[in-house]
Amino acid sequence: MSEVREGNGAARSASPLNKVVLASNNAGKLREFAALVGAAGIELIAQGDLGVPEAEEPHPTFVENALTKARHAAKLTGLPALADDSGLCVRVLRGAPGVYSARYAQLAGGEKSDAANNARLVSALQGESDRRAYYYCVLALVRHADDPEPLIAEGRWHGEILDAPRGSHGFGYDPYFFLPSLNASAAELEPAVKNASSHRAIALRQLLARLTEEA
Ligand code: IMP
């Protein structure tokens with residue numbers, strides 16, 4: 001493995017990124033990422049398959065959480081690691097549930113489930129005419145736990161919040177996330193269509209382009 005060292009800084013390893021651990025145990029994300037990076041010749045290994053537990057997400061920003069998760073997985077596996085932190089940002093709720101999307105209902109005393117999160121969202125928007133929202137995703141790729149130059153990419157997917165669910169694909173808020181340009185909710189899209197246009201797809205394309213530039 002070759003390394004580039006500058007000053008006293010940590011090495012930015014130049015090892016090939018053909019085997020990467022995905023720092024997430026979310027089955028929905030795993031499916032989407034596997035489909036997206038398989039085409040780029042990168043073998044993605046779920047951190048759960050390597051015995052890595054879910055990392056804490058203590059930070060108030062997506063990028064800090066993504067980096068924390070990636071570092072955690074790289075440290076415990078010795079492999080390059082890819083993490084995403086993502087969420088739903090609703091305009092009239094001033095960006096909520098945002099970075100707390102996975103725990104939106106739990107923070108109000110409810111359970112940690114998609115159904116409870118969606119119920120809280122619908123209730124927060126009851127009678128509201130401005131339904132604009134976007135999914136946001138930050139990806140962080142570290143070559144090793146102390147990588148001083150993590151690759152960071154982001155993506156936004158704009159839509160509107162429905163007050164009744166539509167569709168059965170996807171996960172999380174997808175049944176309530178409507179894409180006017182596709183005239184469908186995210187849960188009504190075939191997985192391949194969501195994978196081609198989602199916030200994660202946008203961020204991942206940006207990340208893969210950066211990797212290609214570096215190669
Ligand atoms: P994270 O694991 O902290 O990144 O949590 C992301 C949360 O945001 C998920 O648990 C979902 O609630 C929501 N989310 C992110 N991306 C999507 C998506 O593509 N569809 C539906 N919900 C999403």
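**View 1. Helix α5 from end to end.** At 1.5 Å a residue, the 16 residues of helix α5 (residues 199-214) should span 22 Å, and its end C-alpha atoms sit 23 Å apart, which agrees. The expected span is 1.5 Å times one less than the number of residues, and a helix here is a DSSP run of H or I with at least four residues. This is a predicted model, so local features need pLDDT of at least 70 and side-chain atom pairs 80 or more, while totals for chains, interfaces and linings use all residues. Numbering starts from 1 along each chain, and side-chain values use heavy atoms, without hydrogens or water.

**View 2. The buried side of α5.** Buried (under 20% relative accessible area, 1.4 Å probe, protein chains only) applies to H199, R200, A201, A203, L204, L207, L208 and L211 of α5. These buried residues pack against α1 (27-38), β3 (81-90), β4 (132-142), β5 (151-161) and α4 (191-197).

**View 3. The largest cavity.** A cavity is a set of points on a 1 Å grid over the protein atoms alone where a 1.4 Å probe fits but cannot get out, and lining residues have an atom within 4 Å of a point. The largest one has a volume of about 70 Å³. Its lining has 11 nonpolar residues, no polar and no charged. Helix α5 gives the most, 4 residues; L17, V20 and V37 are among the others in the lining.

Notes. Helices (H or I, at least four residues) and strands (E, at least two) are DSSP runs, numbered from the N terminus. Buried means under 20% relative accessible area, exposed over 50%, partly exposed in between (1.4 Å probe, protein chains only). Contact means heavy atoms within 4.5 Å. On a 1 Å grid over the protein atoms alone, a cavity is a set of points where a 1.4 Å probe fits but cannot get out, and a pocket is an open set with protein on both sides within 12 Å along at least five of seven lines; lining residues have an atom within 4 Å of a point. Grid points are joined across faces, edges and corners, and a volume is the space filled by probe spheres set on the points. Ala, Val, Leu, Ile, Met, Phe, Trp, Tyr, Cys and Pro count as nonpolar, Asp, Glu, Lys and Arg as charged, and the others, Gly among them, as polar.
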